[in-house]
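Student: I'm new to this one. Could you walk me through it?

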Amino acid sequence: MTTQSDQVQRAAGLLDSASRIAIACHLGPDPDAIGSLLGLGLAMQERGKTVHLLTDGPIPRSVQWLPSVDQIRLKPLTDEPVDLFVALDSSDPERLGEVGQPLIANDELTTLVIDHHATNTEFGDVNLITVEAAATAEQIVYVLDALQHAISQPVAECLLAAFIGDTVGFSVSSVTPLTMRIAARLMEAGAALHEISDRILNIRTLDEIRLWGIGMANTHLEQGVLWSVITEEERRDNGLMDTSRSRLSNTLLCVPEAYVAVSFAANSDGEIDVSMRARPGYDVGSIAYELGGGGHTLAAGCTLKGPMEEVVRRVVTMLKQETTDAVRDS
Ligand code: 5GP
Ligand code: MN
């Protein structure tokens, strides 16, 4: 049987023996994706490796201040030689976007997948996937420990930002005493919890709070399913050009009558971003997976083609089924 620590050792071995490493995280990256990308990338640079950091982007404002963020490349590599490809926080190869495709297609290249999504398809040659990990960054810490690599301040800042993003400030059910011990180590290495939390969780652009206002005003509650809709017209009429997900769904779950919450937001590509959250005991991960997306049991998402009314009807029907089934099972 392959244990998690075997996989950590294997991952560490691959990183140790490679000298030119390409690392990519998912498109539409969140703080865990960018924080893990930079945290692992900077640590490998500290070990003397040549590192290429890749994502399709866009890099969210909340992490644009992270150390060395300007090293991240938003275009695929061309002829740069690479001997290891690391895919981070991505449950399937498509999720890596354009920057990942030439690397995935190269059969000669070893791929290491590091992730914590239950919906991961294990597309690597070596897969370090721990569903219990609160963030992909947690796995990066295990790998750096296996390499006996001391965590520097810049690496700690990136990794703490990743944790804060995926755990909403260490407040969700995936957080364990071990998560808190790792967070304490990152703070000891020089990462400022309060400051980073403020940047990731509190600071919002005016566009973003206006978008939230629209979403908040447009909410519906039926059978324990709370949903909000931001249409293309609303986006346009308000001059809201921000392409990032509205991240409303976390907030919507504050309503006690809601067991699951979902936000539907038209994006600038003419598609609809669907972001789902569930209370413990309910599962939105499998629903997102069925819809071609992915995620975790309690936080998942997908992107669907309109029209909006049809997408809303389809997803809400599935979620109502989930609240009914879960109640029946309990
Ligand atoms: P959020 O709602 O914050 O955008 O995403 C919640 C979780 O679901 C994150 O772990 C994110 O990576 C995952 N997720 C969101 N959208 C997609 C998607 O379109 N495809 C996949 N595979 N995962 C997604
Ligand atoms: Mn993550």
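Tutor: Helices (H or I, at least four residues) and strands (E, at least two) are DSSP runs, numbered from the N terminus. This is a predicted model, where local features need pLDDT of at least 70, side-chain atom pairs count only at pLDDT 80 or more, and totals for chains, interfaces and linings use all residues. Residues are numbered from 1 along each chain as its sequence is written, chains are lettered from A and ligands numbered from 1 in the order in which they are written, and side-chain values use heavy atoms, with hydrogens and water left out.

Student: How many residues of strand β9 (residues 260–266) are buried?

Tutor: Check both faces. Val260, Val262, Phe264 and Ala266 are buried on one side, and Ala261, Ser263 and Ala265 are buried on the other. So the count of buried residues in β9 is seven of seven.

Student: Which residue of β10 is the bridge partner of Ser263?

Tutor: Two strands pair if DSSP finds at least two bridges between them. β9 and β10 (residues 271–278) run antiparallel, joined by seven bridges. In β10, the partner of Ser263 is Ser275.

Student: Which residues are the protein donors of the manganese ion (ligand 2)?

Tutor: Donors are N, O and S atoms within 2.8 Å of the metal (3.2 Å for Na, K and Ca); water is not among the atoms, so sites may look incomplete. Here the protein donors lie 2.1 to 2.4 Å from the ion. They are Asp32 (OD), Asp89 (OD), His116 (NE2) and Asp166 (OD).

Student: How many residues apart in sequence are the parts that Asp32 and His116 tie together?

Tutor: Both Asp32 and His116 are buried. Asp32 lies in helix α2 and His116 in the loop between β5 and β6, so the pair ties together parts whose separation in sequence is 84 residues.

Terms used: Buried < 20%, exposed > 50% of the residue type's maximum accessible area, 1.4 Å probe, protein only.
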